[in-house]
Amino acid sequence: MITHTKAIYPASFPLNLIDQFNALLIFTKKAKTMIKANNPSLKSWIEVEDNSDFPIQNLPFGIFSVNNNEKRVGVALGNKVIDLAKLHEFGYLDGLGFEQSDFVSDHLNDMMLKGKQGTRDLRNRLSDLFESGNDTLQNHSDHQAVAIHNISSVTMHLPIKVGDYTDFYSSEQHAFNVGCLFRDPENALMPNWKHIPVGYHGRSSSIIASGQAIHRPKGQMKPPTADVPVFGPSRLLDFELETVFFTYEGKPLGDSISTAEADDFIFGMALFNDWSARDIQGWEYVPLGPFLGKNFASSVSPWIVTLDALEPFRIPGPNQDNPKILPYLEYEGDKHIDINLSVIIQPENGDENVVGTSNFKYMYWNMNQQLAHHSVNGCNIKCGDAMGSGTISGPDEGQYGSMLETSWKGTKPFKMSDGSERKFINDNDTVIMRGHCSKNGVRIGFGEVSTKVLPAK
Ligand code: MN
């Protein structure tokens, strides 16, 4: 260290100045790794209500349209949606390396192909543009008139063109509860569960946007009292309270992504209702796992909250020494995230009933471990792949992420405010999931994913 400074500075250079210069170097390096747009003291010249999910520290990305016109990339700020195609057209995004076609698009994938640094630079630019005191755009009411919309006047769409969809099973409490319900508390967790982030490949074509209703699925099932299977509408339609993360372009087939590299391959997260027909699932799943009980729909919230925006909410995860995990799953630093989650059932023309509140912090396996495991065999990860967390349940009653657990397989019906009961989801119920982080006076929200269940076709 000393020889290094001697080589750079003349011998007569005052030592305290060298120290100061080195301190400045370290500070600059640190500041470079810090994400400018996350500064809790930032305020926007666009008015943002205190309880908004979308303060200037969030800036989540989505796909919107106005009056059935072409779809575009938008960013939420307070109760406004910013049209990035317009900002790009007017030159506000110059020098960032994006094309107009990255923003006039049905999906975020083209924009995401610019990778972590590209989207980070874009979010930082937007943060600058909308920070109070910056009058570059604020002085152009003509530009604002066409580039800024009220959130209530736009239609939101599925934000990502999902190539492959993987669903994990990474909440210990959920795996334990399901194990208790279908086996017994002594053998609730399968022997592999604390060694492997268990997952399966789902179906991407039926991942749908929030607001799109689904029909109750039909299928084959075998009630416990029946000798032979029956066919009909699922009687045990359930939600799964999950989050999902979307990836940047990964590595070529044959290469792996380590837990240390994983952050650079994760664009952001959304809320995810991974619909499940428990009766169809229960009959079909042996021995190859989930199929028609799962592939009829999974609903995703419209705004992708970047992993960058979630960095301030990192927290430590659970101890993984008993049993000890294999080295490729080990990781350094805080990789779990404190995200409050809630799930609501709203009967037709009725009130919202909160049936569960949970938190993303209850995950046993974090996203870095999931991605490292997913690619450890050389599986190639592509831009726009979706990775579901698996149902996220907390340790207590009232913190469960599925009706299967909340009603304990139908033995403990949930009492609704209108006097009715729910074991599972009824026709014409709407299921809503919400999520947000909160710290240092900053609330980073996800908005919601909302889906109505229509009768079977
Ligand atoms: Mn699931």
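Does D167 count as buried or exposed, and at what relative accessibility? D167 counts as buried, at 2% relative accessibility; the cut-off for buried is under 20%. This is a predicted model.

- D167 and D274 link distant parts of the chain, 107 residues apart.
- D167 sits in strand β6 (residues 165-168).
- D274 lies in the loop between β14 (266-273) and β15 (276-277).
- D274 is buried too, with a relative accessible area of 0%.

**Fold and packing**
- The protein chain holds 12 helices and 26 strands.
- Its radius of gyration is 24 Å, close to the 23 Å from the globule rule for 457 residues, so the chain is as compact as a globular protein of that length.
- Along the principal axes, the C-alpha atoms fill a box of roughly 90 × 55 × 40 Å.
- Buried residues make up 51% of the 457 in the protein chain.
- Among contacts with a separation of 6 or more, 71% join residues 24 or more positions apart.

**Surface and charge**
- The protein chain has an accessible surface of about 21100 Å².
- Carbon and sulfur atoms account for 53% of that surface.
- There are 41 positive and 54 negative side chains in the protein chain.
- The centres of these two sets lie 2 Å apart.

Key: Residues are numbered from 1 along each chain as its sequence is written. This is a predicted model: local features need pLDDT of at least 70, side-chain atom pairs count only at pLDDT 80 or more; totals for chains, interfaces and linings use all residues. Side-chain values use heavy atoms; hydrogens and water are left out. Helices (H or I, at least four residues) and strands (E, at least two) are DSSP runs, numbered from the N terminus. The radius of gyration is taken over C-alpha atoms; the globule rule is 2.2 Å times the number of residues to the power 0.38. Buried means under 20% relative accessible area, exposed over 50%, partly exposed in between (1.4 Å probe, protein chains only). Contact means heavy atoms within 4.5 Å. Accessible areas come from the Shrake-Rupley method with a 1.4 Å probe; for residues, only the protein chains shown count as cover. Lys and Arg count as positive and Asp and Glu as negative; His and the chain ends are not counted. The place of a charge is taken as NZ of Lys, CZ of Arg, CG of Asp or CD of Glu.
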